[in-house]
Amino acid sequence: LSIGEKSYESYLRYFEAGADRYLLRHETYNAAHYRRLHPPELSALHRQQCLWDLKKIGFQVGTGFMVGSPYQTTKNLVNDLLFLKELNPHMIGIGPYISQQDTPFADMENGTLEQTLFLLGILRVMFPNVLLPSTTALGTIAPNGRELGLRAGANVVMPNLSPVSVRKKYQLYDNKICTGEESAQCAGCLRRRIESVGYEMTVSRGDFKTSK
C-alpha cells in the first residue's frame with residue numbers, strides 16, 4: 001500500500017487484512033526543511049513515527065526522499081542517510097525533484113541526474129540488499145535515466161499499469177514520461193531496456209532478501 005499517514009490502529013487493520021508492504025516516503029528528515037515544503041498541520045515527526053509504527057507491526061517498509069528539493073542542503077541529505085541507516089527499510093525510493101506548475105514551487109530548479117545517481121550508489125553501498133527503484137522521474141529528466149539508475153545500483157523498475165487516459169489526474173510533476181513500456185502489451189520493450197545495461201528482468205514479487 002501507499003496511502004499516506006494513518007493511525008497505528010489503521011495500519012494494523014490493513015496488515016491483518018493481508019497487506020504486508022507499505023511505501024511512505026519521509027521526504028526529508030529535517031523538521032525545518034519539512035515545514036518549508038508542507039502545510040503547517042503536517043510534521044516530519046509524525047511522518048517518521050508512522051514509519052516506525054509500520055515496522056513495529058511487521059510491514060515491509062519503503063521510504064525515501066526527493067533529491068534537489070526546494071531549500072534542500074547537503075546537511076539535509078546527510079540527515080536523510082543517517083535516518084535511513086537507523087530505520088533500515090526494505091525499500092528506498094529516491095528520485096530527482098521535478099517542479100509542478102500548479103504548486104508554490106513551480107519556479108524552483110529541478111534536481112539533477114548526476115546527484116541522484118551519486119546518491120543511488122551511496123545507498124547501494126550502505127544497504128547491499130535493499131530494494132532500490134530506478135524511478136520514472138529519472139527517465140523524465142534524461143532519456144536513458146532509468147538505465148543509468150540501474151547501473152548506479154538500483155534493482156527495481158516500478159510499473160505504472162494505469163490506463164493512459166487517467167494518468168494526468170495524478171500527475172505529480174510536469175512532463176512525466178508515459179512510455180507504455182510497463183504495460184503487459186509492451187513488456188518486451190522494457191525487457192530490452194533492462195538487458196541493454198546488462199541485467200535480466202524478472203516478474204517475481206521482489207521480496208526483500210536478508211543476507212546470511
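These points cover the nonpolar cores, the aromatic pairs and one surface patch of a predicted model.

1. Main core. The largest nonpolar core has 17 residues, and those touching the most other members are Phe65, Leu84, Ile92, Ile94, Leu119 and Leu123. Helices α4 (74–87) and α5 (113–126) each supply at least two residues of this core. The most comes from α5, which gives 5 residues.

2. Leu123. Leaving aside residues up to four places away in sequence, Leu123 touches Leu81, Leu84, Ile92, Ile94 and Leu132. Among the residues with the most contacts to other core members are Leu84, Ile92, Ile94 and Leu123 itself.

3. Second core. A separate core of 12 residues is also present, including Tyr11, Ala19, Phe83 and Leu87.

4. Aromatic pairs. The structure holds 6 aromatic pairs. Phe83 counts as buried because its relative accessibility is 2%, under the 20% limit. Trp52, at 31% relative accessibility, counts as partly exposed.

5. Ring cluster. Tyr11, Phe15, Tyr22 and Phe59 are linked into a cluster by ring pairs. Tyr11 is also one of the residues of the second core.

6. Surface patch. Leu1, Ile3 and Tyr14 form a nonpolar patch on the surface, and together they have about 240 Å² of accessible area. Ile3 lies in the segment before α1 (8–17). With a relative accessible area of 37%, Ile3 is partly exposed.

Methods. Residues are numbered from 1 along each chain as its sequence is written. This is a predicted model: local features need pLDDT of at least 70, side-chain atom pairs count only at pLDDT 80 or more; totals for chains, interfaces and linings use all residues. Side-chain values use heavy atoms; hydrogens and water are left out. Patches are made of residues with over 30% relative accessible area and no salt bridge: like charges are joined within 9 Å, nonpolar side chains (Val, Leu, Ile, Met, Phe, Trp, Tyr) within 5 Å. Accessible areas come from the Shrake-Rupley method with a 1.4 Å probe; for residues, only the protein chains shown count as cover. A salt bridge is a side-chain nitrogen of Lys or Arg within 4 Å of a carboxyl oxygen of Asp or Glu. Helices (H or I, at least four residues) and strands (E, at least two) are DSSP runs, numbered from the N terminus. Buried means under 20% relative accessible area, exposed over 50%, partly exposed in between (1.4 Å probe, protein chains only). A nonpolar core is a set of buried Ala, Val, Leu, Ile, Met, Phe, Trp, Tyr and Cys residues joined through side-chain atoms within 4.5 Å. Contact means heavy atoms within 4.5 Å. Rings of Phe, Tyr and Trp (its six-membered ring) pair if their centres lie within 6.5 Å; planes under 30 degrees apart count as stacked, over 60 as edge-to-face and the rest as tilted.
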